[in-house]
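Subject: The structure for you to look at

Hi there,

Here is the structure I promised to send you. Have a look at it first, and then read my notes below.

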Amino acid sequence: MNILQPFNTVFFVGLVVYFWIRHGFMEQTKGQKNKVRRVDTVEKVLLAAMFLPVLVLPLIYFFTPLLSFADYHLPWFVLCSGVVVMVTSLWLFRRSHVDLGLNWSVSLEIRENHTLICHGVYRLVRHPMYTSIWMWAISQGMLLQNWFVGWAVVPAFAAMYFIRMPREERLMVETFGDDYRRYTRQTGRLFPRLRKAAEQLDERETSASSAPDSDSTPRSPLT
Ligand code: SAH
């Protein structure tokens, strides 16, 4: 059984951790009331399409020989790098849930008391959770040595990302207006904008050296 191969076991443990993190935040945000909910057929299809490559295909691959026709072998250093990418992805996945707090939702929603989060990982990147899911998709390809199972998340998440992300940004502009527009100028979508990050660091260092009570200086890029 494939599950007994060491790198498959590592990925399986990561998969359990991934769903455990998600489950914890679903429980935490359970009773939240929404002001806006944009869950149309496209959104439902995109979410459902992720379920197959993220969960169903790996389970079939781990516990049955049905997909062995697409097996291949990866060098050891790719497998080890895959572990690093997977662990980083899990860290970022959890970190972005923590930073979004009660504002987080599986689909496109605006809570009754929704606030624009610009701190933590959101200080530099607008979609860190999507960055973590991209990393997860790549780590799956680097760890599961099967063309079909390893790389199936990439097209599914590409569809999700390229259709959903612009809708999400439109919703954020409708809700937060100029605050969100200003925030987009300060941040990158999936990766930090290095020049902006360096400028922010400079500004913080300058204000820290000039203000004695620098601890109370707001850290939001909107200020
Ligand atoms: N795209 C983000 C968040 C994904 S969760 C990321 O990849 O990290 C999706 C929900 O998060 C959306 O319904 C939206 O309401 C909310 N959201 C996205 N960015 C936000 C922000 N900066 N502050 C508060 N809520 C945000």
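Helices (H or I, at least four residues) and strands (E, at least two) are DSSP runs, numbered from the N terminus. With that in hand, the elements of the protein run α-β-α-α-β-α-α-α-α-α from the N terminus on, which comes to eight helices and two strands.

Two notes on reading the model. Residues are numbered from 1 along each chain as its sequence is written. The model is predicted, so local features need pLDDT of at least 70 and side-chain atom pairs count only at pLDDT 80 or more, while totals for chains, interfaces and linings use all residues.

**The whole protein**

The C-alpha trace spans about 65 × 40 × 30 Å along its principal axes. Of the 223 residues, 26% count as buried. Buried is for 20 or more other C-beta atoms within 10 Å of a residue's own, exposed for 12 or fewer, and partly exposed in between, with C-beta atoms placed from the backbone. Met1 lies in the segment before α1 and is exposed, because 10 other C-beta atoms are within 10 Å. Met1 and Asp178 are 177 residues apart in sequence and 55 Å apart in space, C-alpha to C-alpha.

**Helix α2**

Helix α2 covers residues 41–63, 23 residues in total, and reaches 32 Å from its first C-alpha to its last. That is close to the 33 Å expected at 1.5 Å a residue (1.5 Å times one less than the number of residues). Where does α2 bend? The bend, of about 30°, is at Leu52, and a proline, Pro53, follows within four residues. The angle is taken between axes fitted to the seven residues ending there and the seven starting there.

Pro53, Val54, Leu57, Pro58, Tyr61 and Phe62 are buried in α2.

**Around the ligand**

Which residues come nearest to the ligand? Of the 17 around it, they are Asn103, Ile117, His127, Met129 and Tyr130 (a residue is near if its C-beta atom, placed from the backbone, lies within 6 Å). The shell has eleven nonpolar, four polar and two charged residues. Here Ala, Val, Leu, Ile, Met, Phe, Trp, Tyr, Cys and Pro count as nonpolar, Asp, Glu, Lys and Arg as charged, and the others, Gly among them, as polar. The elements α3 (76–100), β2 (108–111), α4 (128–143) and α6 (153–176) each supply at least two residues of this shell.

Enjoy exploring!
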